[in-house]
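Got a fold open in the viewer and wondering where the labels come from? Let's go through them one at a time.

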Amino acid sequence: MNTLLLQPTLKSFQWNHIPKSNPTTIIKNQIHSPKPQSSAGKIKRLVLSKEGRTKFNISPDRDYYSYPRFVTHVDDNFIDTLTDLYRKKLRPEYEILDLMSSWLSHLPQEVKFKKVVGHGLNPQELSQNPRLDYFVVKDLNQDQELEFENASFDAVICTVSVQYLEEPEKVFAEVFRVLRPGGVFIVSFSNRLFYKKAIGAWREGTELGRVQLVVQYFQCVEGFTEPEVVRKLGDSAKRDGSAFGWIKELLGLVSGSDPFYAVIAYKNFKPIYE
């Protein structure tokens, strides 16, 4: 009996036509090929001139703030407005950096945040702040680098202190670095200041000009969203209701309760919560 052997028909296989080279080399080159670097967090331009950074008192800030000042630098209306803003913008699961902090953070008392880290110049003040889990002491006018890993915080707050920064562009770039994507930076201020320690651009500016200055600090760093401004003018004892009276109040020429200003921006995008 004859046995018939059947063999499957094999289709010829052809490699895709590619230049002759070592396949291992091709894979290696694909893995290690450099990726285009993002410009996010880079300083696009300097906002301040050399003169704009100068102070009347040129002594180190660490010396100037060597003794504690257990006072509030703004009135109750300002503090209430700021706390309400934090209540709207900050969520309980946030890890927060309180930049240039003191013995009070003005965070809403009823909210327990995941973590609050303080930064400032006076350890006695910072040690008395009940909201801080821990704090670091550093002069940002001597060294702008923050000793935190990239994307460490969901929010950074800075209260009535931005006027003392001599290198605000670098500090805002560092804040961008330590924020997580979608993280918020809230900078609040009024018309009060230690005059000899404020930079020239702040001393010589109007209140409206100071708002624009902080807006430019955000805009000079690649990656921040378009800044939004929150403004609440103080209750003036001399408000006359006219257009000229409103302009005088806007420029800080009329006495009354402390005006409130906050400039807010986000890293990369503004998150939307249900």
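Q: Why does Phe 172 count as buried?
A: Keep in mind that this is a predicted model. Phe 172 has 1% relative accessibility, and buried means under 20%, so Phe 172 counts as buried.

Q: What makes Phe 172 and Tyr 217 an aromatic pair, and why is the pair called edge-to-face?
A: Two values settle that: a pair of aromatic rings is described by the distance of the centres and the angle of the planes. Phe 172 and Tyr 217 sit 5.4 Å centre to centre, and the cut-off for pairing is within 6.5 Å. Their planes are 65 degrees apart, and over 60 counts as edge-to-face. The pair links distant parts of the chain, with Phe 172 in helix H5 (residues 168-178) and Tyr 217 in helix H7 (residues 207-219), 45 residues apart.

Q: Why does Tyr 217 count as buried?
A: Tyr 217 comes out at 0% relative accessibility, and the limit is under 20%, so buried is the word for Tyr 217.

Q: What makes the pair of Phe 176 and Phe 224 edge-to-face?
A: The angle between the planes is 85 degrees, and the class takes anything over 60. The centres are 5.2 Å apart, against a limit of 6.5 Å. Phe 176 belongs to helix H5 and Phe 224 to the loop between H7 and strand S6 (228-232), 48 residues apart, so this pair too links distant parts of the chain. Both Phe 176 and Phe 224 are buried. Ring pairs also gather Phe 172, Phe 176, Phe 185, Tyr 217, Phe 218 and Phe 224 into a cluster, and the count for the structure comes to 12 aromatic pairs.

Q: How do you know that the charged end of Arg 203 sits over the ring of Tyr 195?
A: The charged end of Arg 203 is 5.9 Å from the centre of the Tyr 195 ring, and the distance limit is within 6 Å. Arg 203 also has its charged end over the ring of Phe 56, at 4.0 Å from the centre.

Q: Why is strand S7 called largely enclosed?
A: In S7 (residues 260-266), 7 of the 7 residues are buried, so the strand is largely enclosed by the rest of the structure. In a regular strand the side chains alternate between the two faces of the sheet. Here Phe 260, Ala 262, Ile 264 and Tyr 266 point one way, while Tyr 261, Val 263 and Ala 265 point the other way, and all are buried.

Q: What makes S5 and S7 paired strands?
A: Pairing needs at least two bridges, and 6 bridges join strand S5 (residues 179-189) to S7, running antiparallel. Across that pairing, Val 184 stands opposite Tyr 266 in S7. S6 and S7 also pair in the antiparallel sense, over 5 bridges, with Arg 231 as the bridge partner of Tyr 261.

Q: Why are S3 and S6 said to stand at the edges?
A: The 7 strands form an open sheet in the order S3-S2-S1-S4-S5-S7-S6, with mixed pairing. Strand S3 (134-137) and S6 each have a single partner strand, so one side of each is left without a neighbour in the sheet.

Q: Why does Cys 220 count as buried?
A: Cys 220 has a relative accessible area of 0%, and the cut-off is under 20%, so Cys 220 is buried. Cys 158 is buried too, at 2% relative accessibility. The structure holds 0 disulfides.

Key
Residues are numbered from 1 along each chain as its sequence is written. This is a predicted model: local features need pLDDT of at least 70, side-chain atom pairs count only at pLDDT 80 or more; totals for chains, interfaces and linings use all residues. Side-chain values use heavy atoms; hydrogens and water are left out. Rings of Phe, Tyr and Trp (its six-membered ring) pair if their centres lie within 6.5 Å; planes under 30 degrees apart count as stacked, over 60 as edge-to-face and the rest as tilted. Helices (H or I, at least four residues) and strands (E, at least two) are DSSP runs, numbered from the N terminus. Buried means under 20% relative accessible area, exposed over 50%, partly exposed in between (1.4 Å probe, protein chains only). A charge sits over a ring if NZ of Lys or CZ of Arg is within 6 Å of the ring centre and within 35 degrees of the ring normal. A disulfide is a pair of cysteine sulfur atoms within 2.5 Å.
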